[in-house]
Amino acid sequence: MREIRYLQAVAEALNNEMQINDEVLVMGEDVRESLRGVTKGLYSTYGKDRVIDFPISEQGMIGCGIGSAISGFRPVIEFQINEFTFFAFEQLILQSQRLRFYSGGKIKIPLTYIVPGSGARGGISGQHSDNPYSFLIQGGMKVVIPSCAYDAKGLLISAIRDNDPVAVFLPTRVLAEKGEVPEEQYTVAIGKADIKKTGSDITVVATGHCVNIALEVARKLEEEKISVEVFDPRTLFPFDREMLKESISKTGKVVIIDDSPVSCGFACEVSALIGEEYFNLIKAPVKIIARADVPIPFSEPLEECVLPNGAKLENAIHELMGRANA
Amino acid sequence: MTEQISKETMAGFYKILETIYAAKESIAFLAKNNEIRMQLKRINYGEEAIALGVCAALKDTDIVINTSEGISSLIARGGSLNAVFAEIFGKSDGYNNGVRGSFNITVPELGIYSANSFSDTGVAMGTGFALASRLKDQKKVIAAFYDNETVNEGIIHESMNIASAFDLPMLFVCKNSKNFKGPIPEEFLQSKEFGSRSLGYGMQSTTVNGMDVASVYSTTQSIVKGIRENNRPAILECVTNSLHVELCSCKSNSESKNINDENEFNGRTIKENFSKILREKNILTQKEMENVQIEVSALVKKAVELSKAGSDPKPENLTKFMYSDDYSNILKSGGLL
């Protein structure tokens, strides 16, 4: 099968959906020029009525997306910078996420938010390095975070076809990664996890680019005869608890690695789920490797302190397996 | 203004106005007796003519974005009293299955959408309906209401800019109430003329007496015609008085009256003035008006009785309201994951 980059897979999914459905619109800031590369070429193909550049006004843009979604369009709103979600929180949650509820289920809001370049790229400091998905999950929004090119194409297509708002986080550290991606259209179901590597000793729940970190550590630990299973939820909400249960039933040990703030964050939620529902299946306390509760500092050594990484994951696995750390 | 409006239309307005007042008075009575829950223990009078005049000037296919004072527009657009009261009682027969309450009822079948109770951020959503109308060439006009309290919200300005930049068929209806009992806007404004803000966005603006049904109706008609033809947004500033009646038993109506204007406004002024015109122009006799009052009172009474006897919404429907997929297991676990 051909290999393409993650970002190309995202662009391909968007282009495919625009091609087959006239009601798919792209909205954003600089989507004509395509600063991030996600919407490259779309303007010349689909024109100004379907690829709509907005003034820098995130709240107004999302409001406009909501109204057009209720009117029958399927807007895809691109956030150029992950922090833009903060600028528009009221519209994201109180309006786009809750309006269907407030209406008593009478309306549908098929709206997709894509956040290309989420998380820390490295060296861009505290205002361009966030992964603000835990906030959205608490607001009730469907959130997906594909870790590889195949999942990116399939999940984005599912998100666009979904009848509710879906936030698609595209981690900056995987955008350039290559992977096998079919040319034809396919979907990856929202709410369906994937075992990226099977193992029998320990389950590593890894999200976004942390899946690659986990796979690398897993390969390394094979030399020490530690068999790591890498569980990629792919969708953070709704979470595939059944597949996690199966994995834990087999391994009995869990480390969660996630690149968002630890307190009240996604990793804690998974840990709480295990503690509450699957306590009888685990043989050791759950370990969490996530971001420290501080903004991303500019200094490189400090940034490394805050972010989850392979060394931290390896240590956690060693601890759980009762092995001394190197 | 009234000369251009047919007698039938004027008589129709009278019935709607009576229905709005009857509904509001019933809500006030029920709230005082703690028979219904109120998001705010007060009821406002003074914006009925704006809701009625603007809604009547729109086509059925047009869209209205409401503020928290939404009951008037709902009734003006032909909303069912039974479904309105069922919602106010939090019952499953309510327009929003009892999950929304008296503020911000959303009724897609009537083209009524509503967002936040206070900050009028639904105006932003209005631009989306307007964009859709333009892209699909539906010739719809979107009337988005906002209060003088919220003219300084950033999102109102963002929406005006977007509507103007994209040539959207939007009518921004500013309810400039001179007696608003909240954060007093005059304290925070250099200019008290909100309509003039349209200059910054390259829009036309018209100011009208918001207590005169006929003026609001005729003015809106002509503005909406222009919007439909040219796809250019406009502002309609409706100046009105208002009266806030506190519904707590500890406060009497007279204490909560807050009138600064020279013209005494008693909450029913709009209706009284309109009735006077109808009598003078021989559109309706006093007797005919009394018959209308009896008729609408009976309708409101019936709606209240039906709603009281209605059933509560079922918990298992909560996630159905929120998602298009079946996520009922979320409620069972009590958590999101």
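**A walk around strand β4 of chain A**

Hi everyone, let's begin with chain B: of its 337 residues, 48% are buried, where buried takes 20 or more other C-beta atoms within 10 Å of a residue's own, with C-beta atoms placed from the backbone. This is a predicted model, in which local features need pLDDT of at least 70, side-chain atom pairs count only at pLDDT 80 or more, and totals for chains, interfaces and linings use all residues. Residues are numbered from 1 along each chain as its sequence is written, with chains lettered from A and ligands numbered from 1 in the order in which they are written.

Now to chain A, where seven strands make an open, mixed sheet ordered β3-β2-β4-β5-β7-β6-β12. Strands here are DSSP runs (E, at least two residues), numbered from the N terminus, and two of them pair if DSSP finds at least two bridges between them. β3 (51–53) and β12 (235–237) of chain A sit at the edges with a single partner strand each, so one side of each lacks a neighbour in the sheet.

What does it pair with? Strand β2 (residues 24–28) of chain A runs parallel to β4 (residues 74–78) of chain A, over five bridges. Leu25(A) has Pro75(A) as its bridge partner, and Gly28(A) stands opposite Glu78(A). Strand β5 (residues 112–118) of chain A is also parallel to β4(A), through three bridges, with Val76(A) partnered by Thr112(A).

In a regular strand, side chains alternate between the two faces of the sheet. Both faces of β4(A) are covered: Arg74(A), Val76(A) and Glu78(A) are buried on one side, Pro75(A) and Ile77(A) on the other.

How values were computed
Helices (H or I, at least four residues) and strands (E, at least two) are DSSP runs, numbered from the N terminus. A residue is buried if 20 or more other C-beta atoms lie within 10 Å of its own, exposed if 12 or fewer, and partly exposed in between; C-beta atoms are placed from the backbone.
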